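Visitor: I'd like to learn how to read the packing in a model like this one. Could you walk me through it?

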Amino acid sequence: MMSSIPLWYWLAAVVLLPWLFTLWHIRSGEFPGRWERRRWMSSVAYLPFIGMWQYWTSGVYRRRVSH
């Protein structure tokens with residue numbers, strides 16, 4: 001018996017939610033460079049898979065939590 005949830009719901013959850021979380025994570029932090037937040041936002045927005053890979057492997061370490 002197949003699941004009653006359509007396949008595109010699962011694809012949206014697997015692809016869209018991590019992308020939105022990454023954008024929120026960038027927006028809620030402080031970065032040392034003047035343009036660094038904008039650079040990460042545009043990288044993730046225009047090249048989602050490559051941008052997310054680059055951010056979570058190197059950019060996240062440059063982020064400071066804003067209070």
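Visitor: Let's start with one side chain. Does His25 count as buried or exposed?

Guide: Keep in mind that this is a predicted model. The cut-off for buried is under 20% relative accessible area. His25 comes out at 12%, so His25 counts as buried.

Visitor: Where does His25 lie, and which residues is His25 in contact with, leaving aside its neighbours within four places in sequence?

Guide: His25 lies in helix α1. Once those sequence neighbours are set aside, the contacts of His25 are Tyr55, Trp56, Val60 and Arg63.

Visitor: On to aromatics. How is a pair of aromatic rings described?

Guide: You take the distance of the centres and the angle of the planes. Here the count comes to 6 aromatic pairs. Take Phe31 and Tyr55: their ring centres are 6.4 Å apart and their planes sit at 65°, and over 60 degrees counts as edge-to-face, so that is what we call this pair.

Visitor: Why does the pair of Phe31 and Tyr55 tie together parts that are apart in sequence?

Guide: Because Phe31 is in the loop between β1 (29-30) and α2 (36-46), while Tyr55 belongs to helix α3 (residues 48-57); those parts are 24 residues apart in sequence. As for accessibility, Phe31 counts as buried at 9%, and Tyr55 counts as buried at 0%.

Visitor: And how do the rings of Trp40 and Tyr55 sit?

Guide: Their centres are 5.5 Å apart with the planes at 70°, so this pair is edge-to-face too. Trp40 is in helix α2 and Tyr55 in helix α3, so to speak a link between distant parts of the chain, 15 residues apart. Both Trp40 and Tyr55 are buried.

Visitor: Which residues form the aromatic cluster?

Guide: Phe21, Trp24, Phe31, Trp40, Tyr55 and Trp56 make up one cluster. There's also a charge to look at: Arg39 lies over the face of Trp40, 4.6 Å from the ring centre.

Visitor: Now the helices. At what angle do α1 and α2 pack?

Guide: Helix α1 (residues 7-27) and α2 pack at about 175°, and their axes are 10 Å apart. Angles over 145 degrees count as roughly antiparallel, and α1 and α2 are therefore roughly antiparallel to each other.

Visitor: Which residues make that contact?

Guide: From α1 you have Trp19, Thr22, Leu23, Ile26 and Arg27; from α2, Arg37, Trp40, Met41, Val44 and Ala45. Sorted by type, the residues of this contact are 7 nonpolar, 1 polar and 2 charged.

Note on methods
Residues are numbered from 1 along each chain as its sequence is written. This is a predicted model: local features need pLDDT of at least 70, side-chain atom pairs count only at pLDDT 80 or more; totals for chains, interfaces and linings use all residues. Side-chain values use heavy atoms; hydrogens and water are left out. Rings of Phe, Tyr and Trp (its six-membered ring) pair if their centres lie within 6.5 Å; planes under 30 degrees apart count as stacked, over 60 as edge-to-face and the rest as tilted. Helices (H or I, at least four residues) and strands (E, at least two) are DSSP runs, numbered from the N terminus. Buried means under 20% relative accessible area, exposed over 50%, partly exposed in between (1.4 Å probe, protein chains only). A charge sits over a ring if NZ of Lys or CZ of Arg is within 6 Å of the ring centre and within 35 degrees of the ring normal. Axes are lines fitted to C-alpha atoms, for helices over the stretch in contact, and angles run from 0 to 180 degrees between N-to-C directions. Angles under 35 degrees count as roughly parallel, over 145 as roughly antiparallel, 65 to 115 as roughly perpendicular and the rest as oblique. Contact means heavy atoms within 4.5 Å. Ala, Val, Leu, Ile, Met, Phe, Trp, Tyr, Cys and Pro count as nonpolar, Asp, Glu, Lys and Arg as charged, and the others, Gly among them, as polar.
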